[in-house]
Amino acid sequence: MKNLTLRQRLLVLTLLPSALITTLLVLYFAISGISTLENQLRAKGLATVRYLAPISEYGIIAGQMDSVYGLVQAAMQEPGVKAAIIVNPKGRTLAVSGRVSLSAETIRQRLSAPAQVGEGDTWIAFGAPVVRSQSDSDPLFDIAGLDENPQETIGHVFIELDKEELQVRQQELVLQGFIAVLCGLGLMGVLAIAMADHLARPLQRLAGAVRNMSAGRFDTRVHASSSGELRVLEDGFNEMASHIEEAHQSLQARIEEATAQLVFQARHDALTGLVNRREFELRLDKALAAVHAGGDEFSVLYIDLDRFKAVNDACGHIAGDELLRQIALLFQGRLREEDTLARLGGDEFGIMLANCSLAKARQVAQDICALSAEYRFVWQDKIFAIGASIGLAPVTRNVRDVHEIFALSDAACLQAKESGRNRVCEMAPAAPTDRRRDRGNWASRLASALSEGRLIVEAIPVRPLQPGVPHGPMAEISARLNEAGQAPIALSALIDAAERYDMATVFDHHFLETAIRSLTRAQGQQFKMQCMVPLSRAAITSPKTGDFIAGNLSAAGIRGEGLCLMFPEEVGTHHTSLLIEFSRRMRELGCQIALTEFGGGVASFTQLRTLQPAYVRLSQSLTRDISDGLSSTALLRAILEITAEQQIFSIAEDVDDTPALEHLRKLGIAYALGKAVGPREPFEAWFEGAVMRGMRA
């Protein structure tokens, strides 16, 4: 319609709905008429066999074949009947007339009531059982015997009706409908032309005025000479034109205000108003660069509230949200203007103490710990003591990147938790000489752990939540290190240490070999599965990783279907070009890509286009605190819409209870993992169980 005139467009807009409605109405009545004819034919067939069955009883019982044959001959006299058959209980023909189309199997079937038994292009058949009467006595006085003496089927009658007359009448209905459509369209065309001519002129004037307004001539007006709705439209346009200049002037200011609000929301936590993890990492990265350039060193506090879960369990998420807001205000009151307080997710906070000596940082940490211990949260009739475990990490020139800052402060916070909570623990970065010494220590520990089988590779089951997503066994690979006399070391701590001492390749290769070996076994058993393998930052930025994966897949004789490579979304902000090339090569091998900790900021959506991942594992800051009415839920919905539009599946992690799992399902998240889905278990045990379940299915 691009090159059509206004008059022609009005004709089209007028004719199309009318033609559609007329066509639909005619089709409706034609189809209804056809259906009625078919129903009449079926009713006739059922009525015929209902009539023929009881009058055939005597002839069958008495063995009077002449009488039976006379009945089928009489039935053939009915209009439209092409064949009639009467058979005994075993399906042997007693009398037949006409050209029979029913198969022998159909004739031998036993019927409990009159019914349609077959249909072809030109015929339709009905059958009914011939039953012996209950008693020779008057049935009105033999009611009790009905339950004791069930009716005996002594034969069947079948009638075949010719559909030729039905088809002729149906064709007549269709032809009549077609003629009615043509007549209706002709009449509507005449009316549409008259209406288009009447409407075209004033609308053309309005169109010219709109073009003038779009060209910036805001003093444009139209001559209001029409009547009815067109006059209202002309007056409305003139009134609108008088206000459009004012609206134009204020529009830019509103856009700037909305842009500023979006930028604020992307950098701040919706619940507390503090900066979020993404913004906190950017500020840490900027401050660390200044330290390496010779600037002042600073310190970072990692804070985890001690008894936050008790508040949530006892009073619900609304109380928990209010507690987080109050705690944010409490911490902010102890800090300077140049310090940065951030909510990292859930009940975890981070503080960057700029231009702060280590001694002062210790004092600030102790003060915040004391404030937390003395604070009492009151909700309705309940009072809660909270407390906080704080990890302190001084940032010196020995710290290489933001990831190491988080590793140090998180490890210190964990130590504070394990030491009894509500205290401050410190974790300083290792000096270069200490790194070389620790590197040798870690190398020997990892080598012996691998050779002695103490590095336990585990599977974390992943469950689909939506019916339309790919189903099948899926698990994320994890691990823990068992050492004598010590608690098991989790994968996150192992990778932190390995990356710190440039040894992450040991884990990457071990996990990749485990996954490819399992995929090879699964393919040999005609069994499909999905292994999600976490990769270190070093693996992603090294071209040797791609060579290693390609070589192992080639040696195994398989493609990469079923192998999904995972890495944090924030890695892309520092190694964009390397990641794009790595992702492209992996997709050529058949592998898939998954981004973890997704949802930190605007950069996330850019990576969806450049890296083209198959999965995104959502940041816990998006899924941990969701509840009805929270703005975090709105942000999560927006992310889910964007990923769904690009056919990317979302994954929620650490889902520990069934209500949260159900809430995530309702939001539309594709997959989940956590205690509510299934416990982690040794990878080999999970694989064998998945194979057995697949064989049973």
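Mentor: Let's start with Glu281, which counts as buried, with a relative accessibility of 13%. The cut-off for buried is under 20%, so Glu281 falls in that class at 13%. Keep in mind that this is a predicted model. Glu281 has a salt-bridge partner, Arg277, and their closest N and O atoms are 3.3 Å apart. Now look at where the pair sits. Arg277 and Glu281 belong to helix 8, which covers residues 277–292, and because they are four residues apart there, about one helical turn separates them.

Next, step back into the loop that joins helix 7 (229–267) to helix 8, and you'll find Asp269. Asp269 is another buried residue, at 15% relative accessibility. Its side chain makes a polar contact of 2.7 Å with the side chain of Thr272. If you skip the neighbours within four places in sequence, Asp269 is also in contact with Leu274, Val275, Asn276 and Arg343.

Five strands make up an open sheet with mixed pairing, in the order 7-8-6-11-12. Strand 7 (340–345) and strand 12 (424–426) are the edges: each has a single partner strand, so one side of each has no neighbour in the sheet. On average, and ignoring direction, neighbouring strands here are turned by 20° against each other. Helix 11, residues 358–374, packs on this sheet and touches strand 6, strand 8 (348–353), strand 11 and strand 12. The direction of helix 11 makes about 170° with that of strand 11. Within the sheet, strand 6 (residues 298–305) and strand 11 (residues 388–395) run antiparallel and are joined by eight bridges. To see one of those residue pairs, find Tyr302, whose bridge partner in strand 11 is Gly391.

The structure holds 30 of them. One joins the side chains of Glu404 and Arg400, at 3.5 Å from N to O. Here Glu404 is buried, with a relative accessible area of 4%, while Arg400 is partly exposed at 36%. Another joins Glu561 and Arg559, at 3.3 Å from N to O. In that pair, Glu561 is partly exposed at 48% relative accessibility, and Arg559 is partly exposed too, at 45%. There is also a network in which salt bridges with shared partners link Arg42, Glu119 and Lys163.

The largest core has 68 residues, and Met529, Val533, Leu563, Leu565 and Leu618 touch the most other members. Helix 15 (residues 504–524) supplies the largest share of this core, eight residues. Apart from it lies another core, of 32 residues, including Leu271, Ile327, Cys369 and Phe377.

Methods. Residues numbered from 1 in each chain as written. Predicted model: local features only at pLDDT ≥ 70, side-chain atom pairs only at ≥ 80, totals over all residues. Heavy atoms only, no water. Pairing = 2+ DSSP bridges. Helix = DSSP H or I, 4+ residues; strand = E, 2+ residues; numbered from the N terminus. Axes fitted to C-alpha atoms, helices over the stretch in contact; angles between N-to-C directions. Contact = heavy atoms within 4.5 Å. Core = buried A, V, L, I, M, F, W, Y, C linked by side-chain atoms within 4.5 Å. Buried < 20%, exposed > 50% of the residue type's maximum accessible area, 1.4 Å probe, protein only. Salt bridge = Lys/Arg side-chain N within 4 Å of Asp/Glu carboxyl O. Polar contact = N/O pair within 3.5 Å; in protein donor to acceptor, adjacent residues only side chain to side chain.
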